[in-house]
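Opening the notebook on this one.

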Amino acid sequence: MKNKSIFLIAATATLYFNNVYAQETPQDSAKVSSIDQIVITGNSNPKKKIESSTAISTFSAKEIQKQNPISAAALLQRVPGFAVETSGGEVGNNLFARGIPSAGAYEFVQVQEDGLPVFEDGALQFANADNFFRVDNTVGRLEALRGGSGSIYANNSPGGLINFITKEGTNDFKGTAKIETSTYGLMRTDLNVGGALVKDQLFFNIGGFYRTDDGIRKTGFKANNGGQIRMNLKYVFDKGYVKVYYKKLDDRNTFYLPIPLIQDGNNLKEFPGFDPNYGTYSYRAISQLNIPQAGGGFFNRNLEDGIHPKVDVVGAEFKYDLGNNFSVLNKTRYTNINMNYTGIFPAGAPKLASNFAKDDPKDGGLGMSNYQYSLVSNGTAVNPQYVQKLGFWAIDKQMNNFVNDLQLNYKFDKGNVTAGFYKSSWKSHQYWNWSNILTTATDRPQLLNLVNPSLNPSDVGYSKTYNGVMDMSFLIRDSQIQGSLNDLYLNLDYNITDAWSFNGGMRYSRDFYKGYGVNTTTANLNNSGLTVDGTNGFSTTTADDNMAVLGNKYTYWYYDVNKVSYTLASNYKINRENAVYARFSNGFRSPNEEAYYNNMSDLSQIKPVQTNQLEVGYKYYSRTFDIAVIPFYSTLKNLSFTDVFSDGTSENKFANTTNFGVEIEGYTRLFNNILEVAFNGTIQNPKYKDFTGRNKDGSTFDYDGNLVRRIPKFYFNISPAVNITKEWRAYVSMNYYGKRYQNEGNTDDNILPSFTEFGAGMSYQLGKIRFAVDGTNIFNTIGITEGDPRSQTVTGTNIRMARPIMGAAARASVTLDF
């Protein structure tokens, strides 16, 4: 009887909700139906998603609004095949496409705005593509393509294309205004408006944001401060259109680096004195650097500037119908970037203060029989349990990029042919000035001086520091890289029948790279006449003993790329809702910047990374249910590893990899739109192949068959939502990231444990006003992403240096659509 009563109650409730929702979809529905969606990325012409023989995920402006991602990387976590590390903050994050390993950044995908790159190479040193892009209300749509035709429509993108498509004006004047605050001092305003200046002919859109916040991790200063503005003007005429646009980005973002944790197998807990969810070494008490230089003058840096790009972009787009089924499309853009990059990079893990001072130098100590620590701030003698050596890394980059993409398209009864010429000219000049400082190993670190109390302050070698600086400007780098890309491409779409289509494309790349590096020598300040304390000269400290000085010897290098990429694919549309496809693609990625720098004297050691990918897929799209299941297999050759270590050197190893995996992406509406579930996941097995050689110390290694570092075999995201009423919606999200290895050797002491992160939120739609609350990592999970490529676990201890995800935080927003 009890079971029957439960059944009757459930049935009655279902009928009630069916009647309530039968006529109208909730205003806050999370997903636009995919069945009629049109995609342009990786295709020669706009094409229905179900008819595109590509693995592509799409997100409308409304869908992005519902997710309210804290960064571009957080949004890309919703794309299968992309393993994304989001622990760096709003910018500076890493994305690995389909198991392709790298030092980080966006090395094997191209991040685009309206079909052209944000910057031609998205993985330059300290210049991740997301440093120069922000998600705001000017974004009308995101299309994320994996593998497939990426190598035909862009350079260095065998892993895929990430295309943010901006809003344009229409005949109807529309706008969106948003204000947002949070538990971490966020104040953000977004505004976007668009409409017609002349009906049916001249349209405009303008928008942007300004934001300031203290950061989820407690820095003691404004961790993020700045904004951007974007505008476009489009004129439509009988045979085409012309569009011009401009973007200005001026933003400061703190970049979060590894912190110490205690690891016991798969369990992680806080290191004493360091909050794993909210702590950081990037703190106000160590934020200023002001040190004399061996060549004269002083070097000043402020950690509060963080990653500070100033980006100016101007571009145009032109399309014209030439008649006789011919049309021409030309896109052009000029980008200028000036970026100051300042971050705190731990030089190893915390050490016991006594060991740091007393141990033999060969064991990582200073060999001091007598020692005394004191606070730089007030001179008070202290006896910390642990101390931390931190790299104060300062990088200045001046970058520019001119790109032009010219396409000629011919349509015929059964399809179309597109031929194009792509020209990109870019340059990046950078200057590094790195120092090491000594601090307490706490999440509110204080600068430390270290002296030998058995000596007098006037004695040679009395101090190991200069106002907390252990190694003054120990590394300076001045280098430049330029690229000149000249690519021809051809694409054919052919409809064999109404249901069966063929796609083939090729790209010929004749690309030229050149650059230089400036040599350095060492010097000190002993004979400079400067003093460390107003009385004693620099002979009393060792902090200046190995200062770098730029010389006048330049090493110039040149490198040419002469490669063909190609792809073949077929799509069979079973019916309006079902389709299958298969694709083979061959592409490449040119050597990255650090590989050039490491091998300037002999570039024969480096080669472009070659990729082969085979994928098949099944897609089902309906009004209430979407699913795409895409198995794939890939091989890579000549993959280079280029992590930069704390002393400024980097790896110089080369490997081959293989990967077999399956991407799954789906969405469903149940019970007449009461319940919505969006999900995506990736199962893969990326391994090294024929990866053997010698380390710098002469020892040999054999990693053949080992799992690729930092990339999980399994990860997924699921986000159910309940439309309680037409106006009121609540959701939860679950993000699982599987076990990985920090190193290529797959050793047990370098395991990065799996973790699960939960989020939750609620929104209420009152007419045209939307109220929302979004929570991230609501259970304060300690989940580590990349570990620390500059430091593994500490021998004989369970201290782990790693970059955890952010602690629990909540944001509240009010959005007005008008």
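Helices (H or I, at least four residues) and strands (E, at least two) are DSSP runs, which I number from the N terminus. This is a predicted model, so I take local features only at pLDDT of at least 70 and side-chain atom pairs only at pLDDT 80 or more, while totals for chains, interfaces and linings use all residues. Residues are numbered from 1 along each chain as its sequence is written, and side-chain values use heavy atoms, with hydrogens and water left out.

Asn717 first. I find Asn717 in strand β40 (residues 714-723). Asn717 is buried because its relative accessibility is 5%, where buried means under 20% relative accessible area, exposed over 50% and partly exposed in between (1.4 Å probe, protein chains only). Beyond neighbours within four places in sequence, Asn717 has contacts that include Arg78, Phe679 and Met734 (contact: heavy atoms within 4.5 Å).

Next, Arg188. Strand β13 (residues 187-198) holds Arg188, and Arg188 is buried too, at 13%. I looked up its polar contacts (a pair of N or O atoms within 3.5 Å; within protein, one must be able to donate a hydrogen and the other to accept it, and residues adjacent in sequence count only if both atoms are side-chain atoms). The Arg188 side chain makes one with the Asp190 side chain at 2.7 Å. A polar atom of the Arg188 side chain also sits 3.3 Å from the backbone oxygen of Val135.

Then Asn355. Asn355 belongs to helix α5 (residues 353-358) and is partly exposed because its relative accessible area is 32%. I get 52 Å between the C-alpha atoms of Asn355 and Ser484, which are 129 residues apart along the chain.
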